[in-house]
Amino acid sequence: MDQLLDIETILAADPARQPVQSRSIGHSRQGRSIHAFVLGNGPIRISLIGGCHADEPVGPAMLEKLVAYLGQLQSTDRLLTERRWHIVPHVNPDGAAVNAAWSDFTQPTIDHRNAPDEAYDLVAYVEQVVRELPGDDIEFGFPRNRADLDARPENLAVAGFLRSEGPFHLHASFHGMGLAPGPWFLLEPSWADRTTALRDSLRDRVRSIGYRPMDLDRKGEKGFCRIDEGFSTRPDSRAMIAHFEALGDDETAALFRPSSMEFVRRLGGDPLTLVSEMPLFLVPEASEDRDAPRFEKGTEGRKRLLAWLQELVSGKPSEVARRAVTEAGIHAMPIRDQMRLQLAFLDQALALLKAE
């Protein structure tokens, strides 16, 4: 599939030096402004958001670079004449603030090109990461209908913005995983049969830069149905609700609202929806260390691995703790490589829409 985005130029963009005019679409619970950008005037309408989960900083950083890049293009560029971009880089500024204790501090590393890059510090992450629980989860917090004014103000702000600009042809929500063996890509179920070329190309891209797609089969749990290696259907609020009701936890089930993907689908048309899942830290799928838990699917598996890491680093000097996690085979994924694969996913989706 043709490449439409100049990924390396996007990665070199500096949002601080290449500011683009934004508009405030609302405020967070704590009063922080939520900014949106609209660029281009083309017929293909694109919605991109990042930061729904408080502990996933790479998506917002990538979208800020993308905005800076698009903002510097000539008005005659086909990315702007053929498309209209609606971008909310960070829908959760309060979440960013509470996680700044670790996400604002990085360690030097090198990317797959052996070029200088940055990565997050696993010890700082383990000791200070904060993630919202169901009910506060912004991804699954979009209003059920226009009368649902009890949703978080962040969700109401983004919903109002998207409702006024939709319907869309493409919607992507850029997420991350704290600990995983490789990148994972989630697709709109109704588009699964139309994405063969996208999947083949993106999987080759992942491998070409030295990573292995995470191949996870959750057998429909919470809406995750394996498509093929590295790809699954995106989660669904109805499946989330059914999961917790089956556990007898009606209280948690009642907390789920539609996801951003479901909300955009309700605006009309047949939009392709995507979720990227980039690991901040790469873990072995099976460890030779008997004390280290094997990587497991789902929320409970993530909690067990994080609890093991918290016990591993607790009370130890930072260098000793870092050496211990390295010996367990866990290492940080360079931030720029994470962004490359997020942009490659987006690029393949844009090419698919063009072919359609």
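Asp121 is buried in this predicted model, with a relative accessible area of 9%. Its partner is Arg322: the two form a salt bridge, and their closest N and O atoms are 2.6 Å apart. The bridge links distant parts of the chain. Arg322 sits in helix H13 (residues 318-327), while Asp121 sits in the loop between S6 and helix H6 (122-128). That puts them 201 residues apart. Arg322 is partly exposed, with a relative accessible area of 23%.

Now look at Asp117. This residue forms a salt bridge with Arg336, with 3.9 Å between the closest N and O atoms. Asp117 lies in strand S6 (residues 116-120) and Arg336 lies in helix H14 (residues 335-355), so the pair ties together parts that are 219 residues apart in sequence. Asp117 is buried, at 7% relative accessible area. Arg336 is partly exposed, at 21%.

Asp117 and Arg336 also belong to a network of salt bridges.

Next comes Asp228, which forms a salt bridge with Arg199. Here the closest N and O atoms are 2.8 Å apart. Asp228 is in strand S9 (residues 226-228), and Arg199 is in helix H8 (residues 196-208). This pair, too, links distant parts of the chain, 29 residues apart. Are these two residues buried or exposed? Both Asp228 and Arg199 are buried.

How many salt bridges are there in the whole structure? A search finds 35, including the pairs Asp121 with Arg322, Asp117 with Arg336 and Asp228 with Arg199.

Notes
Residues are numbered from 1 along each chain as its sequence is written. This is a predicted model: local features need pLDDT of at least 70, side-chain atom pairs count only at pLDDT 80 or more; totals for chains, interfaces and linings use all residues. Side-chain values use heavy atoms; hydrogens and water are left out. A salt bridge is a side-chain nitrogen of Lys or Arg within 4 Å of a carboxyl oxygen of Asp or Glu. Helices (H or I, at least four residues) and strands (E, at least two) are DSSP runs, numbered from the N terminus. Buried means under 20% relative accessible area, exposed over 50%, partly exposed in between (1.4 Å probe, protein chains only).
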